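The following paragraphs lead through one structure, from its overall make-up to individual residues. Please keep the sequence and the model in view while reading.

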Amino acid sequence: MSKKPTFIMCICTGQCPGFKTLDLWELVNTVRREMDVEYAIVHPQLCVDDGDRFIKDYIQKDGLYIIGA
Ligand code: SF4
């Protein structure tokens, strides 16, 4: 049985102008409901130290991930 991908949404601290009109929770809930994913999660800023630690701890070699950013 092949594993479904995990969706990880990076929200760029919530302050990035590019995200101003994004309804984050609607997006994540749409992904959960309508895409064939294991589950969806949100991270505030993947490209800083704690984001690196999250990726190191969480991402598995044989895993499948979709990252929205
Ligand atoms: S990974 Fe991309 S979307 Fe996420 S905080 Fe960094 S620049 Fe923003």
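Among contacts in the chain between residues at least 6 apart in sequence, 69% join residues at least 24 apart; two residues are in contact if their C-beta atoms, placed from the backbone, lie within 7 Å. The model is a predicted one, in which local features need pLDDT of at least 70 and side-chain atom pairs count only at pLDDT 80 or more, while totals for chains, interfaces and linings use all residues. Residues are numbered from 1 along each chain as its sequence is written.

The C-alpha trace of the chain spans about 40 × 30 × 10 Å along its principal axes. Of its 69 residues, 4% count as buried. A residue is buried if 20 or more other C-beta atoms lie within 10 Å of its own, exposed if 12 or fewer, and partly exposed in between, with C-beta atoms placed from the backbone.

Two helices and three strands make up the secondary structure of the chain, and along the sequence they follow the pattern β-α-β-α-β. These elements are DSSP runs numbered from the N terminus: helices are H or I runs of at least four residues, and strands are E runs of at least two.

The three strands form an open sheet in the order S2-S1-S3, with parallel pairing. Its edge strands are S2 and S3 (65-68), each of which pairs on one side only. Neighbouring strands of this sheet are turned by 20° against each other on average, direction ignored. Two strands pair if DSSP finds at least two bridges between them. Strand S1 (residues 6-10) is joined to strand S2 (residues 40-43) in the parallel sense by four bridges. Within this pairing, Ile8 has Ile41 as its bridge partner in S2, and Cys10 has His43. Four bridges also join S1 to S3, and these two strands run parallel; here Phe7 stands opposite Ile66 in S3. In a regular strand the side chains alternate between the two faces of the sheet.

H1 lies across S1 and S2 and runs at about 150° to S2. For such angles, axes are lines fitted to C-alpha atoms, for helices over the stretch in contact, and the values run from 0 to 180 degrees between N-to-C directions.

The loop between S1 and H1 contains Cys12 and also Thr13. Phi of Cys12 is near 55°, a positive value in a residue other than glycine. Thr13 likewise is not a glycine, and has a positive phi of about 65°. Cys12 is partly exposed because 17 other C-beta atoms lie within 10 Å, whereas Thr13 counts as exposed because it has 10 C-beta neighbours inside 10 Å.

Which residues surround the ligand? They are Cys10, Cys12, Cys16, Gln45, Leu46, Cys47 and Ala69. A residue is near a molecule if its C-beta atom, placed from the backbone, lies within 6 Å of it. By class, this shell has six nonpolar residues, one polar residue and no charged residues. In this classification Ala, Val, Leu, Ile, Met, Phe, Trp, Tyr, Cys and Pro are nonpolar, Asp, Glu, Lys and Arg are charged, and the others, Gly among them, are polar.

Two further residues complete the tour. Pro5 lies in the segment before S1 and counts as partly exposed because it has 17 C-beta neighbours inside 10 Å. Leaving aside neighbours within four places in sequence, Pro5 is in contact with Val37, Glu38, Leu64, Tyr65 and Ile66. Pro5 and Ile41 are 36 residues apart along the chain, and their C-alpha atoms are separated by 12 Å. Arg53, in helix H2 (residues 49-58), is exposed because 10 other C-beta atoms lie within 10 Å. Between the C-alpha atoms of Arg53 and Val37, which are 16 residues apart along the chain, the separation is 23 Å.
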